[in-house]
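Here are my notes on the model you sent.

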Amino acid sequence: MRTSLLRVATGLGALGLTAATVLLAPSSATAVESPDISVTNTKAHLDKLQEIATANGGNRYTGRPGYKASADWVKAKLDAAGYTTTMQSFSTSAGTSYNVIAEWPHGDANHVVMTGAHLDSVSSGPGINDNGTGSSGVLEVALAYAASGQTPRNRIRFGFWGAEEIGLLGSKYYVGQLSAADKDKLELYLNFDMIGSPNPGYFVYNDNPAGNGARDDLTAYFTSKSIQTEYIDVQGRSDHAAFRASGIATAGTFTGAEGIKTSAQATKWGGTAGQAYDPCYHRSCDNINNLNLTAIDRNIDAIGHMVWNYAQKDYADPEPPVGTNVVKNPGFESGAVNWTGTSGVVTSSTSKPAHGGTWKAWLMGNGNTSTENIGQSVAIPSTSTAATLSLWIRIDTTETTSSTVYDTVKVQVVDGTTTTTLATYSNLNKNTSYVQKTFNVLQYKGKTVTLKFLGAEDSSLQTSFVIDDVALIAN
């Protein structure tokens with residue numbers, strides 16, 4: 001855990017552990033049982049991290065050999081289990097650091113559930129609780145899932161972050177490299193930082209309203225095991241911060257850092273009141289003896305519970321109610337999010353005004369032989385009694401003819417392998433003011449179709465087709 005991470009009564013933690021024995025679900029379509037993740041396996045991972053630290057100057061700090069050895073070892077374990085893994089390098093003031101990203105190559109890639117923990121230690125010690133526990137726990141859950149025979153509905157991804165202790169740099173770098181579309185696919189990020197504190201508390205993150213559903217699921221899991229929990233506002237001071245800042249749901253657990261356990265907490269959790277949850281926090285004594293295996297066991301089972309169940313969570317959009325616009329990001333104000341097609345078509349360039357806001361889709365205007373397109377998949381409710389597609393379009397051109405079509409944009413609906421052109425506009429339809437166009441698309445009710453705008457331009461003299469504020473209203 002980062003040094004400045006926690007100066008409140010509870011501190012913040014790391015998590016970790018294991019999975020050997022799991023209860024298999026009857027199928028990917030049914031509710032799954034909570035797995036029993038192996039604390040023995042998790043402890044073996046922690047022993048290995050201690051061994052790596054001992055062989056490399058007593059720590060696993062960013063930029064030093066102990067960290068790279070830790071990352072290489074984690075990657076090798078995940079590779080052997082069948083994950084698609086990436087070693088993501090980035091520069092820091094302490095030297096090159098690495099994130100290890102592992103993805104189970106099954107499930108819907110449009111709905112991603114990610115679980116992570118930081119892998120680095122401070123320079124003063126091996127960092128076995130902070131955050132060997134979190135990274136070992138996440139690793140063991142990943143290995144157990146691979147061995148379980150589960151077929152996930154969603155894509156499962158695991159992250160092991162570098163340089164957390166010097167500013168959350170690894171997770172910030174990872175999120176910063178994601179496109180807007182990739183961020184939109186991330187349904188949930190679960191973070192585990194210090195989960196084996198020797199004088200443990202049982203804390204659940206409560207600092208992101210978008211993650212309240214996952215927070216409540218974690219709380220309910222612990223309650224089902226007769227374990228009382230407390231909420232903590234960690235103020236974004238661990239690796240979930242970058243995800244939270246991007247609007248992604250986050251949740252997590254930890255067992256406490258330098259904060260002092262109260263008498264009331266000692267009564268409900270055991271341990272010693274008036275002492276830190278982890279007296280060796282950020283010290284050389286944060287070694288293999290600085291652990292509470294019961295806390296680790298409970299927390300790794302909670303991680304497994306969340307991964308197993310969120311792997312099967314149905315994130316499919318429900319059929320929208322009638323009378324609503326089924327087009328997402330209809331005015332392009334979130335950039336190209338939810339739209340696919342030619343790169344650069346969605347733009348906030350001031351050269352062409354938007355109908356509303358600052359973003360729009362600008363097709364063509366190149367003045368050479370070329371094509372461009374942009375589209376979005378939409379579902380039209382089967383209960384619709386009317387379905388109307390509308391858009392605003394502005395056309396300017398340097399073509400001088402009043403009779404010959406040179407440049408065009410087509411409004412299309414793609415239904416499976418059938419493409420229907422609803423209208424074609426050309427340089428002959430030039431109008432430097434926006435004009436609204438509407439189309440009846442009721443014939444597609446009960447179907448998921450693609451709305452598509454396809455532009456084509458000849459070898460000279462530009463025509464710009466600017467489209468904005470697209471709506472498909474189903475009533």
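1. Start with residues 3-32, where pLDDT stays under 50. pLDDT is the predictor's confidence in each residue, from 0 to 100. For this stretch the model has 149 contacts beyond four places in sequence, a contact being heavy atoms within 4.5 Å. The chain as a whole has a mean pLDDT of 91, and 92% of its residues reach 70 or more.

2. Ground rules. This is a predicted model: local features need pLDDT of at least 70, side-chain atom pairs count only at pLDDT 80 or more, and totals for chains, interfaces and linings use all residues. Residues are numbered from 1 along each chain as its sequence is written, and side-chain values use heavy atoms, with hydrogens and water left out.

3. The eight-stranded sheet is open and mixed in its pairing, with the order β1-β2-β4-β3-β5-β8-β6-β7. Direction ignored, neighbouring strands are turned by 25 degrees against each other on average. Strands (E, at least two residues) and helices (H or I, at least four) are DSSP runs, numbered from the N terminus. Two strands pair if DSSP finds at least two bridges between them.

4. Follow valine 100 in β2. Methionine 87 stands opposite valine 100, and in β4 the bridge partner of valine 100 is phenylalanine 160. The β1 and β2 (residues 95-104) pairing is antiparallel, over nine bridges. β2 and β4 also pair in the antiparallel sense, over five bridges.

5. On to β3 and β4. These two pair in the parallel sense over eight bridges. Valine 112 stands opposite arginine 155 in β4. Eight of the eight residues of β4 are buried, so this strand is largely enclosed by the rest of the structure. Buried means under 20% relative accessible area, exposed over 50%, and partly exposed in between (1.4 Å probe, protein chains only).

6. Helix α4 (residues 169-177) lies across β1, β2, β3 (108-118) and β4, at about 110 degrees to β1. Axes are lines fitted to C-alpha atoms, for helices over the stretch in contact, and angles run from 0 to 180 degrees between N-to-C directions.

7. There are 16 aromatic pairs. Tryptophan 161 and phenylalanine 243 form a tilted one, 6.0 Å centre to centre with 50 degrees between the planes. This pair links strand β4 to helix α7 (residues 241-245), its members 82 residues apart. Both tryptophan 161 and phenylalanine 243 are buried. Rings of Phe, Tyr and Trp (its six-membered ring) pair if their centres lie within 6.5 Å; planes under 30 degrees apart count as stacked, over 60 as edge-to-face and the rest as tilted.

8. One aromatic cluster takes in Tyr202, Phe203, Tyr221, Phe222, Phe254, Trp269 and Tyr277. The charged end of lysine 268 sits over the ring of tryptophan 269, 4.9 Å from its centre. That label requires NZ of Lys or CZ of Arg within 6 Å of the ring centre and within 35 degrees of the ring normal. Lysine 313 lies over the face of tyrosine 315, at 5.5 Å from the ring centre.

9. Last, threonine 448, in strand β18 (residues 448-457). Is threonine 448 buried or exposed? Threonine 448 is exposed, at 51% relative accessible area. Beyond four places in sequence, threonine 448 touches Ser377, Val378 and Ala379.
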